[in-house]
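Here is a report on one protein chain. It takes the strands, then the helices, then the cores.

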Amino acid sequence: MIDVAPQTAVEWLEYLHESLDLHFSELSTARQESGTRSPVFALEHNLPPDDLNLLMSAVRVAVKEGLDCREWQWWLPFVVYAAESGYDYAGAEFWGSFEQSTPGWHSDHRRWIKAWFQTFAGNYGGAVPTGAFASNFTIIAWPITHAVLPTYLQRQLAQLLYEFSAELTTELLNDPATLGTLLAHRASTYTERFRIFCENTRLVGQVAAALLSGDDEPTPSLTAAALHRIVRSLSAEQQARHWLMSARRSASQLRGSHSQTEVTDSAPELRRKSRQTYPRLFLRGEARWTAHAELPDLSSLRADFPGTYEQLRTSRATVDGGVRPVPPSALLYPGQEMQLATWPNPEQPFFQLLYGDEATNKVLADHCSGITRGPWWLFYRQSAGIAVEIKGKFVRPGRSYLLVGAKITTPPMPVPWCVEVEVDVHDARAYELSVPEQVNESEAKALRGIGLEIISHIAISPVGVVARARDDEAEADWLAGEPVTLRIWSDLLPQRCQLFVDATAKFLDWAPGDAELLFTVEDLAVGTHEIRVTLLGANDRRLGMSSIAIRIRDPLVRPECGTTGEGIRMLCAPARPTLNELWDGRSILTIDGPPGADAELRVALRDDLGNDLAQLQRSVRLPVDESCWKAISKSIRTNHRYRNAYDQSESCVVTISRDGVGFAALTCERGFQPLRWHFARSNDGKVVATLVDRTDGGDTYVDFFDVEEPTAAVRKDAGVPLDVPPRGGLAVARAGPATAATILPTDPNAVRQLAPARPVVSPQARRSEELLRLAQAHNQWGTAALPADPFAVHPQRLACQAIARAIGAMVGGRHWAKIEHRLAVAADPVDLLGAMQDAVGTNSTHKAIASNIAFSLYKWSTPEALLRGFGAIAAPHLARSGIPVNRSTLRFILMLADQPGSITGEWEASQAAPLIDRILHSPVLYRAARFAVLGTRALNDADGLWRVV
């Protein structure tokens, strides 16, 4: 360390480098001596704010002045600088913001970042990135990893820790690697960016263990300064703070409670936690079931949120899926029930005030937990026609249960004791599980496959005359003010019991040799509480678990009556579509609600920070089926505000609502894209395409394909904006494994002045390799992302049709090639059906095949009918040609004949090539299939029939 004050940026870098080297060396030594495997992070620099600002300034000045390689030796400040940039990373483009905030930084400097971090890892035991993100982004993965937890991921990790807190054990808290693996598995329903972060399971476990350590508890995973910084960031947002504090309380009690025999000592803590409210689901019926929810009592909000309490007194509320609104003041009393017309969405607030302001509804969403996560909900069937939810999702041999899930969900298990029953809930299906006395391993595996567990060695039940048991394992009622006494029985040999009351954890010692344990919980507030027990053996090994729902009732309260109403439900397949899938027509959106009612549909396009770029509104008539959605989607895509904002948007929120009925919302993300195309249109209609490269650079290239020559690639400079021709085209950017293929926008005004496009595709040889090359080109055009321009689909179709016709001419032979040329200019393909039939073949066998197809075309109005019918006609010839007669082969031939690009996605080249060779040897099979798919589409208007064959 120098004795005089530094004068230049280089001197400051040397000064800071030596200080940081001493700090990180001491930190590394301490980690090694502690016996932990926790790595050192660059964010753990522990610099006070003034010194950190000095470091940031010194790095920027040095870069701006243009340092040479000799001066890079003072590299530690640059590592800290990059880690700070990673901490502020918003999940979009790293290098753009980094270079903008660091004048003088160039792309050829990037390789130094990776070299410095690798040296840091070697010198100080620094963290090393792992997972798919590190494989795809070999440079930026280093500063983002050493940022520990970038700000854009903090809220989601806090939520994940909160949801996982009931599964925590002392063993997990001391094993970050296993904790990270389990957390990553739980993150499957979170955003794509967060799932990518969780792929580095060791890092996730280390960060989680540090966050759960508590403010005053030492942790070997992070320095106190770094930990406090992340906690402060999380605490800036109310909901994230609530999630984190709740999870930390659970972890703290796991570490500190090892000799507790009763839970009554922690009554104040339990009273505070019991203020969290939960809706309770149950079913009524016998042959046909109805779904109901017991609404939570929100009177506890009066003390902390008087404004919210006042609005609850005077405003009606909607229940997600409820048949009617909740009358004013009803949510301030326990015992309210609501029948469900549609199944609630666990991702949405369970209820909201009809005319409540945004702040009030946020308070309600924050303080009233929604229903448990699906996709299946388990209910224990009682003798009195009541089935109550078992949140622990466990079943016992010899008992009957009901399983409820979304209607689009496939049947849960292929076991004889799972039978579908009727449920009076729109877009839901139910199954009765009559679990046999003995469950074999395959049946237990089937249960685990849908998130259920078999439990036969542990039971929890109420004790005492004051309890009114609804089920000896699922639920029991107590009057307010009475202590809750419970009995845990087990034929195992536990050493202690981990007990959760709602989300608060305690430990109970288990007396050696005893088969049961009694305990009491006091001062539970009016409402429903979940009590879960986990039996632990030696070294806290988990032996089994069970749970029970406790409902505390106020005997003086009587339910109030409500008014009639209906709910709104939005369903999408796939369930979590990307933004492109939603608007490219690759997903199906339907909306259910009161028939004939008008509702307001809102579409909001947002940037990467969640700011609205454009909002569109439509009045729609309920219900909205698939065909209605296609029309609505088309009208939105042609809107100029949508077109102007779509290409810059990172997410989209679709909301449907009607006052007095309800609302539903769907959020779609574009997803993390290493390469991304942006488009800018000038006033005269010309389009410029710019590639946003979020990779580490160095090997990115762009291929452009013109509509006139859809298989001929023209190499372009990835760093230079692309002037798009009037007809658009296809642009494909590649960088290592990352690919971004997009159909380019068109200039409709200029296209009108041009002659019709005549794409030219010239096969180079009649071989399987050439056919696969053309099929790959077809797939590249057909699967490329569409821009906001609604006319861009026309050049895409032109290119795909030209490639398909070129394959047809190459495979079908000279006579069939004439048919393909005529199809290119035909006004109506129906006029060519006779010519197609004649061109299938000349001998009697071929003519018979063609004739049978011709007489069957009008019957093949569905994909399955086409597959079965063509298979019956073509089977004898397939067998004679040595081609296996099965569904897979028939699908291959039909898809090759209509949408050849599809075969590249389902069959490996090594699998497809031998089959193609046989088809080339006997082309009548291809001609017959081509006649079948083109004729079926022409007669039945079945565009896209191939997609589901």
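## Strands and sheets

Strand β2 (residues 288-294) is joined to β4 by 4 bridges, and the two run antiparallel. His292 has Gln339 of β4 as its bridge partner. Strands pair here if DSSP finds at least two bridges between them. Helices (H or I, at least four residues) and strands (E, at least two) are DSSP runs, numbered from the N terminus.

The model is predicted: local features need pLDDT of at least 70, side-chain atom pairs count only at pLDDT 80 or more, and totals for chains, interfaces and linings use all residues. Residues are numbered from 1 along each chain as its sequence is written, and side-chain values use heavy atoms, with hydrogens and water left out.

The side chains of β4 alternate. Buried means under 20% relative accessible area, exposed over 50%, and partly exposed in between (1.4 Å probe, protein chains only).

The loop between β4 (337-340) and β5 (351-353) holds Thr342. Is Thr342 buried or exposed? Thr342 is buried, with a relative accessible area of 4%. Not counting residues up to four places away in sequence, Thr342 touches Gly321, Val425, His426, Ile568 and Arg569. Contact means heavy atoms within 4.5 Å.

Strand β17 (residues 496-501) is mostly covered, with 6 of its 6 residues buried. Both faces are covered. Arg496, Gln498 and Phe500 are buried on one side, and Cys497, Leu499 and Val501 on the other. Strand β18 (residues 504-509) runs antiparallel to β17 and is joined to it by 6 bridges. Lys506 in β18 stands opposite Leu499.

An open sheet has 3 strands in the order β28-β29-β32, with antiparallel pairing. Its edge strands, β28 (675-681) and β32 (722-724), each pair on one side only. From one strand to the next the twist averages 30°. Strand β29 (residues 687-693) and β32 share 3 bridges. Ala689 has Leu722 of β32 as its bridge partner.

## Helices

Two helix pairs are set out below. Axes are lines fitted to C-alpha atoms, for helices over the stretch in contact, and angles run from 0 to 180 degrees between N-to-C directions.

| Helix pair | Angle | Axis distance |
|---|---|---|
| α2 (residues 49-65) and α3 (residues 76-87) | about 105° | 10 Å |
| α17 (residues 306-314) and α18 (residues 358-367) | about 95° | 10 Å |

That makes α2 roughly perpendicular to α3. Angles under 35 degrees count as roughly parallel, over 145 as roughly antiparallel, 65 to 115 as roughly perpendicular and the rest as oblique. In α2, Leu52, Leu55, Met56, Val59, Arg60 and Val63 meet Pro77, Phe78, Val80, Tyr81 and Glu84 of α3. By class, this contact of α2 with α3 has 9 nonpolar, no polar and 2 charged residues. Ala, Val, Leu, Ile, Met, Phe, Trp, Tyr, Cys and Pro count as nonpolar, Asp, Glu, Lys and Arg as charged, and the others, Gly among them, as polar.

α17 and α18 are also roughly perpendicular to each other. Thr308, Gln311 and Leu312 of α17 make the contact with Thr360, Val363 and Leu364 of α18. The residues of the contact of α17 with α18 divide into 3 nonpolar, 3 polar and no charged.

Helix α12 (residues 201-211) is largely enclosed by the rest of the structure, because 9 of its 11 residues are buried. Among them are Leu203, Val204 and Gly205.

Ile803 lies in helix α25 (residues 793-812). At 0% relative accessibility, Ile803 counts as buried. Leaving aside neighbours within four places in sequence, Ile803 is in contact with residues including Pro710, Val761 and Trp781. Ile803 and Gln899 are 96 residues apart in sequence and 9.4 Å apart in space, C-alpha to C-alpha.

## Cores and the whole chain

A nonpolar core is a set of buried Ala, Val, Leu, Ile, Met, Phe, Trp, Tyr and Cys residues joined through side-chain atoms within 4.5 Å. The largest has 68 residues, of which Trp781, Met836, Ile853, Trp860, Phe870 and Phe892 touch the most other members. Helix α33 (residues 924-940) gives the most to this core, with 9 residues. A second, separate core of 45 residues includes Leu47, Leu76, Trp116 and Ile196.

The protein chain has 33 helices and 34 strands. Of its 949 residues, 55% are buried.
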